[in-house]
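Keep the viewer open and click through the residues as you go.

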Amino acid sequence: MLALGQDEIAKYPFLADAGQYLKDKGFTLEQFGSDPDLKQLIDKAFERIQVAANGKIYKSDLIGNQVSKEAALPREVFSFLLAIVLLKLSGMHTLIKRFALAEARRAEKYLEKDLANISDESKKELAIRIIDDLFSVQVEKLDDYFVITVSDYLKHSINFHEREWKLINRHVENGQVFLTPHETVRLIRKELGTYINSKIINAKTPTMIPGFEGSVNKLVSLSKKFITFTVTTGEYPPCIKHAIQALNDGENLSHSGRFMLATFLLGRGQTVDDVAPLFKNAPDYNEKVTRYQLNQISGVTGSNTKYSCPSCEKIKSNDLCFATPDCDYIINPMQFGKKRS
């Protein structure tokens with residue numbers, strides 16, 4: 001296990017043995033449910049989950065990369081630990097997914113800052129060790145860039161469909177791919193979310209603790225906002241079926257995949273109200289942002305330009321094509337199922 005200082009435990013609480021930290025500080029979970037002062041931390045933990053559920057990143061009590069006050073460290077770690085306890089007691093897996101993704105995005109910001117730190121070499125080295133220990137990606141600093149092997153790059157960039165992530169569009173020398181601090185950390189975001197999610201799932205579920213019931217019940221009510229929607233694909237082309245299935249499975253569909261799906265469905269006559277619920281399964285779902293983007297695409301707001309579904313060629317370039325013989329050499333998904341003369 002990595003040796004972490006207090007700033008690092010606050011930034012990356014999922015790396016520390018939070019349960020041991022709780023014992024070392026002389027607290028039990030029962031005390032948080034009964035002590036009026038400690039009970040405020042349960043509210044903070046609930047808020048941390050609620051912020052994540054709404055697709056936002058929890059705002060820490062940190063100034064820059066450091067614990068701002070002596071009391072900030074326990075608050076940061078306790079709120080994370082108690083959030084896990086609340087999630088386990090509620091059993092709401094949709095909220096667990098959202099929380100894990102939000103915590104991954106939060107940690108990503110700190111990892112990027114630590115990698116780019118030019119005044120404290122130890123922070124940079126720790127960030128490199130975290131990436132290596134958790135995901136077996138060996139990162140080296142070279143001038144103003146970070147480099148990883150081509151094999152590591154290909155293994156982790158498979159989740160990206162945007163053109164800039166294609167190996168042919170990267171700076172490669174001597175079997176090493178050159179990355180900025182942002183790109184280095186972005187490369188392992190999905191794995192980071194999966195790591196945090198698995199730690200929560202594998203954590204032992206305690207029996208209900210007196211004083212926790214109210215927050216647990218509020219989480220159950222909150223989860224109803226994110227009821228899983230299963231959408232039947234009908235006679236949709238394979239690329240659209242695949243995108244819908246990815247959302248049904250709670251996967252984080254790429255931006256180009258979401259754009260393709262939205263333009264296709266809106267082009268088939270569905271409304272924003274019809275399409276918006278489909279994205280509720282996405283781990284980073286934010287209703288306000290989703291509706292804003294759909295209204296922009298449909299031409300209801302913005303430039304009043306209604307966007308069209310991208311061509312099959314464009315979809316192929318984004319690795320979103322899953323063509324079958326039924327596609328019959330169409331050049332746009334909108335043509336799927338139409339008889340060709």
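Predicted model: local features only at pLDDT ≥ 70, side-chain atom pairs only at ≥ 80, totals over all residues.

1. **Ground rules.** Residues are numbered from 1 along each chain as its sequence is written, and side-chain values use heavy atoms, with hydrogens and water left out.

2. **Salt bridges overall.** Side chains of opposite charge can pair when their charged atoms come close. The cut-off here is a side-chain nitrogen of Lys or Arg within 4 Å of a carboxyl oxygen of Asp or Glu. By that rule there are 13 salt bridges. Some of the charged residues join up: E8, K11, D114 and K123 are linked in a network.

3. **Two pairs within helices.** Helices (H or I, at least four residues) and strands (E, at least two) are DSSP runs, numbered from the N terminus. R129 and D133 form a salt bridge, with 3.6 Å between the closest N and O atoms. Both sit in helix α7 (residues 121-135), four residues apart, or about one turn of the helix. For accessibility, buried means under 20% relative accessible area, exposed over 50%, and partly exposed in between (1.4 Å probe, protein chains only). R129 is partly exposed at 45%, and D133 is partly exposed at 44%. Now look at helix α15 (residues 287-298), where E287 and R291 are also four residues apart, about one turn of the helix. Their side chains meet in a salt bridge at 3.6 Å, N to O. E287 is partly exposed at 41% relative accessibility, and R291 is partly exposed at 27%.

4. **R170, worth a click.** Which residue does R170 form a salt bridge with? The partner is E183, and the closest N and O atoms are 2.8 Å apart. R170 lies in the loop between α8 (150-157) and β5 (172-173) while E183 is in helix α9 (residues 181-186), so the pair ties together parts that are 13 residues apart in sequence. Both R170 and E183 are buried. R170 also has an aromatic contact: its charged end sits over the ring of W165, 5.6 Å from the ring centre. To count, NZ of Lys or CZ of Arg must be within 6 Å of the ring centre and within 35 degrees of the ring normal. K141 does likewise, with its charged end over the ring of F146, 5.3 Å from the centre.

5. **Cysteines.** How many disulfides does the structure hold? Zero, taking a disulfide as a pair of cysteine sulfur atoms within 2.5 Å. For C239, the nearest cysteine sulfur is that of C312, 6.5 Å away. For C312, the nearest is that of C321, at 6.4 Å. C239 is buried, with a relative accessible area of 8%, and C312 is buried at 16%.

6. **Aromatic pairs.** Rings of Phe, Tyr and Trp (its six-membered ring) pair if their centres lie within 6.5 Å; planes under 30 degrees apart count as stacked, over 60 as edge-to-face and the rest as tilted. The whole structure has ten such pairs. Y12 and F14 have ring centres 6.3 Å apart and planes at 70°, so they are edge-to-face. Y145 is partly exposed at 39%, whereas F178 is buried at 10%.

7. **The largest pocket.** A pocket is found on a 1 Å grid over the protein atoms alone, as an open set of points where a 1.4 Å probe fits, with protein on both sides within 12 Å along at least five of seven lines; lining residues have an atom within 4 Å of a point. The largest one holds about 1,400 Å³ of space, a volume filled by probe spheres set on points joined across faces, edges and corners. Its lining has 45 residues, of which N252, L253, S254, R258 and D284 lie nearest the centre. Helix α15 gives the largest share of the lining, six residues.
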